Amino acid sequence: MTISPPASSKLGGRLRGLGSVLLSLAVTLFGLLLVTFIIGRVVPIDPVLAIVGDRATEAQIEATRVALGLDQPMWHQFFIYAGNALQGDLGQSIRTGEPVIEAVARAFPATLELATLATIMGVLAGVPAGVLAATRPGSLADHLVRLVGLMGYSMPVFWLGLIGLLLFYGVLDWVGGPGRLDAAYDMMYDFEVTPVTGMILIDTALAGRWDMFTNAISHIILPAGLLGYVSMAYISRMTRSFMMNELSQEYITTARVKGMPEWRVIWVHAMKNVAVPLITVVALSYAYLLEGSVLTETIFAWPGLGSYITDALLVNDMPAVLGGTVVVGVAFVLLNLFSDLLYKLVDPRAR
């Protein structure tokens, strides 16, 4: 007879687990803010001169330095910076003068849309490919999957993007060009579509503008496909490794001896255990696409967060660069937290 632990013990364990997660989250965010603060102070760019210009008087420079709190001790500056960041104040852009958080809020949905579609493509292609390779080790299918994955790792994304634009847009005219919409639709978008999410595919579908939706699909399919290919290369490799490990376990041999259909052995029993570590792999791939799509956004003139940070960096707009970096870091932390929670939901042993 199994004796269940009392409810109070379960509740206490869950509260301790929640406290541990929150503490880890707080320490990670503190470290992120500390690193970005240090970067902002060690770069050879004077934020005061970047704001007032080289021709400002000493009095103007000193007044601006006091207004920015740069006359305070370094530890005090950090707490001012962290306090403002926690309230959503990431400073003002030197280039445009607008709050960085507002510019990031406009740019981030474009990156989120691109990375989400790419991750979906990567999962839908990478998981079946990895399973196929694992169930036929040493076969032509296995070698082909591994070769395609190796190419995804080896070929630079910017080169793939340029070749893709030249072939599918310039020669074959199968897809839309750079940007999120054609010029005509881009001008109509702000007037005819309510930006509910900032993601064009969702907003145009909600507005019933299917012609604009189709045009947006033609623009996003190529950059999302390229990023999805990179994601697929990683996911297929890890899926193959996880699946081969599971297929060598005794419970798989037992299921086969009992006459269970092979598809059920693979997709029900083995995949149930493969899904646990695969969640972390997909979350890491998604986070990588959110923070690492700078080159793709630049090549395809995609007005996302990567392009925003790159443009700010080229003109030494450090508040914009650091603000965008903080947002990317927070997204990365939250994705890892979500994957941990999903991990525990799928695998009761991790609770």
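The side chain of Arg180 makes a polar contact with the side chain of Glu113 at 2.7 Å. A polar contact here is a pair of N or O atoms within 3.5 Å; within protein, one must be able to donate a hydrogen and the other to accept it, and residues adjacent in sequence count only if both atoms are side-chain atoms. The Arg180 side chain also reaches the backbone oxygen of Gly198, at 3.2 Å.

This is a predicted model, in which local features need pLDDT of at least 70, side-chain atom pairs count only at pLDDT 80 or more, and totals for chains, interfaces and linings use all residues. Residues are numbered from 1 along each chain as its sequence is written, and side-chain values use heavy atoms, with hydrogens and water left out.

**Around Arg180**

Arg180 sits in the loop between α7 (157–171) and α8 (183–192). Helices (H or I, at least four residues) are DSSP runs, numbered from the N terminus. Arg180 counts as buried because its relative accessibility is 13%. Buried means under 20% relative accessible area, exposed over 50%, and partly exposed in between (1.4 Å probe, protein chains only).

Which residues does Arg180 contact, leaving aside its neighbours within four places in sequence? They are Ala110, Glu113, Gly198, Met199, Ile200, Ala216, His219, Trp302 and Pro303. Contact means heavy atoms within 4.5 Å.

**Salt bridges**

A salt bridge is a side-chain nitrogen of Lys or Arg within 4 Å of a carboxyl oxygen of Asp or Glu. By this rule the count is seven. The table lists three of them, including the pair formed by Glu113 and Arg180.

| Glu113 | Arg180 | 2.7 Å |

Glu113 lies in helix α5 (residues 100–135) and Arg180 in the loop between α7 and α8, so the pair ties together parts that are 67 residues apart in sequence. Are these two residues buried or exposed? Both Glu113 and Arg180 are buried.

Asp142 and Arg146 share helix α6 (residues 140–154). They are four residues apart, about one turn of the helix. Asp142 is buried, at 0% relative accessibility. Arg146 is partly exposed, at 46%. A network of salt bridges links Asp142, Arg146 and Arg240.

In the remaining table pair, Arg256 is partly exposed at 36%. Glu262 is partly exposed too, at 38%.

**A nonpolar surface patch**

Ten names make up this list: Phe158, Trp159, Leu162, Ile163, Leu166, Leu167, Val171, Leu172, Trp174 and Leu295 form a nonpolar surface patch of about 1000 Å². Patches are made of residues with over 30% relative accessible area and no salt bridge; nonpolar side chains (Val, Leu, Ile, Met, Phe, Trp, Tyr) are joined within 5 Å. Accessible areas come from the Shrake-Rupley method with a 1.4 Å probe, and for residues only the protein chains shown count as cover.

Which helix gives the largest share of the nonpolar patch? Helix α7 does, with seven residues. Leu167 is found in helix α7. Leu167 is partly exposed, with a relative accessible area of 36%.

**Positive phi angles**

Asp173 is not a glycine, yet has a positive phi of about 55 degrees. Asp173 belongs to the loop between α7 and α8. Asp173 counts as exposed, at 57% relative accessibility.

Ala301 has a positive phi near 50 degrees. Ala301 lies in the loop between α13 (294–299) and α14 (305–314). Ala301 is partly exposed, at 44%.

Note on methods
Helices (H or I, at least four residues) and strands (E, at least two) are DSSP runs, numbered from the N terminus. Patches are made of residues with over 30% relative accessible area and no salt bridge: like charges are joined within 9 Å, nonpolar side chains (Val, Leu, Ile, Met, Phe, Trp, Tyr) within 5 Å.
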